[in-house]
Amino acid sequence: MFRELRRKKQLLSRSVAEDILNRKSSGVLALSGDDSYPYAVPLSYVFDGETLCFHCAKAGHKLDAIRHSEKASFCVIDKDEVVPEEYTTYFRSVIAFGRVRILENEREKRAALEKLALKYAPDSTQEERHGEIQREWPHVCVLEMKIEHMTGKEAIELVRARP
């Protein structure tokens, strides 16, 4: 169902790909938008080992696209170093494929928001996080992407530089 990576030497291990998802703070969610035009939107996220969670407003292009088709991909770039003298880029990235759903269950929604708050404000207290979640609760929508397939890839130059 999902394509195999053509350049297998450049494939990152699952653990390295997961490490990238855990370390980075934003990525691009790609959906099937209006009139089947691709719609790619940068988002903050949290990764829990199996799913990605995002928050957004309760209306807009993103939600309309998800209601039309739950299938999505999410790309995170870990490294992007232009090397002009070699006419190339030393890159490292991860792409996850899966299905996105809108979290309707209040417990699931609150748990996802708590994970997001903890990731982006790690020094905050539980009381501060709870207050922020309560303040935003009426206005926030939470999305969950269940990962069905994931690949990570890096430039061949980075593969060759490994010990």
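User: How many nonpolar, polar and charged residues does the lining of the largest pocket have?

Analyst: The lining has 7 nonpolar, 3 polar and 4 charged residues. In this classification, Ala, Val, Leu, Ile, Met, Phe, Trp, Tyr, Cys and Pro are nonpolar, Asp, Glu, Lys and Arg are charged, and the others, Gly among them, are polar. The model is a predicted one, in which local features need pLDDT of at least 70 and side-chain atom pairs count only at pLDDT 80 or more, whereas totals for chains, interfaces and linings use all residues. Residues are numbered from 1 along each chain as its sequence is written, and side-chain values use heavy atoms, with hydrogens and water left out.

User: What makes a space a pocket and not a cavity?

Analyst: Both are found on a 1 Å grid over the protein atoms alone: a cavity is a set of points where a 1.4 Å probe fits but cannot get out, while a pocket is an open set with protein on both sides within 12 Å along at least five of seven lines. A residue belongs to the lining if it has an atom within 4 Å of a point. The largest pocket has a volume of about 320 Å³; a volume is the space filled by probe spheres set on the points, which are joined across faces, edges and corners. Of its 14 lining residues, His55, Leu113, Leu116, Ala117 and Glu132 are the closest to the centre.

User: Which helices each supply at least two residues of that lining?

Analyst: They are helix H3 (106-120) and helix H4 (126-136). The largest share, 5 residues, comes from H4. Helices (H or I, at least four residues) and strands (E, at least two) are DSSP runs, numbered from the N terminus.

User: Why is Arg110 called partly exposed?

Analyst: Arg110, which lies in helix H3, has a relative accessible area of 29%. Buried means under 20%, exposed over 50%, and partly exposed in between (1.4 Å probe, protein chains only), so with 29% Arg110 is partly exposed. Leaving aside neighbours within four places in sequence, Arg110 is in contact (heavy atoms within 4.5 Å) with His130, Ile133, Gln134 and Trp137.

User: What makes the link between Arg23 and Asp19 a salt bridge?

Analyst: A salt bridge is a side-chain nitrogen of Lys or Arg within 4 Å of a carboxyl oxygen of Asp or Glu. The closest N and O atoms of Arg23 and Asp19 are 2.9 Å apart, and the pair therefore meets the criterion. Both residues lie in helix H1 (residues 14-23), 4 residues apart, about one turn of the helix. Arg23, at 46% relative accessibility, counts as partly exposed, and Asp19, at 37%, is likewise partly exposed.

User: How do you know that Glu154 forms a salt bridge with Arg92, and where in the chain do the two residues lie?

Analyst: Their closest N and O atoms are 3.0 Å apart, so the distance is within the limit. The pair links distant parts of the chain, with Glu154 in strand S7 and Arg92 in strand S6, 62 residues apart. Glu154 has a relative accessible area of 3% and is therefore buried. Salt bridges that share partners join Asp19, Arg23, Asp78, Arg92, Glu154 and Arg162 into one network. The structure holds 17 salt bridges.

User: What makes S6 and S7 a pair of strands?

Analyst: Two strands pair if DSSP finds at least two bridges between them. Strand S6 (residues 88-102) is joined to strand S7 (residues 140-154) by 11 bridges, so the two strands pair, and they run antiparallel. Phe97 stands opposite His149 in S7, and the bridge partner of Ser93 in S7 is Lys153. Strand S4 (residues 51-57) also pairs with S7 in the antiparallel sense, over 7 bridges. Of the 15 residues of S7, 11 are buried.

User: Why are S2 and S3 called edge strands?

Analyst: The open sheet of 7 strands has the order S2-S1-S5-S6-S7-S4-S3, with antiparallel pairing. Strand S2 (38-44) and strand S3 (46-47) are the edge strands: each pairs on one side only.

User: Why does Tyr87 count as exposed?

Analyst: The relative accessibility of Tyr87 is 79%, so Tyr87 is exposed. Tyr87 lies in the loop between strand S5 (71-83) and S6, and its phi is near 55 degrees, a positive value in a residue other than glycine.
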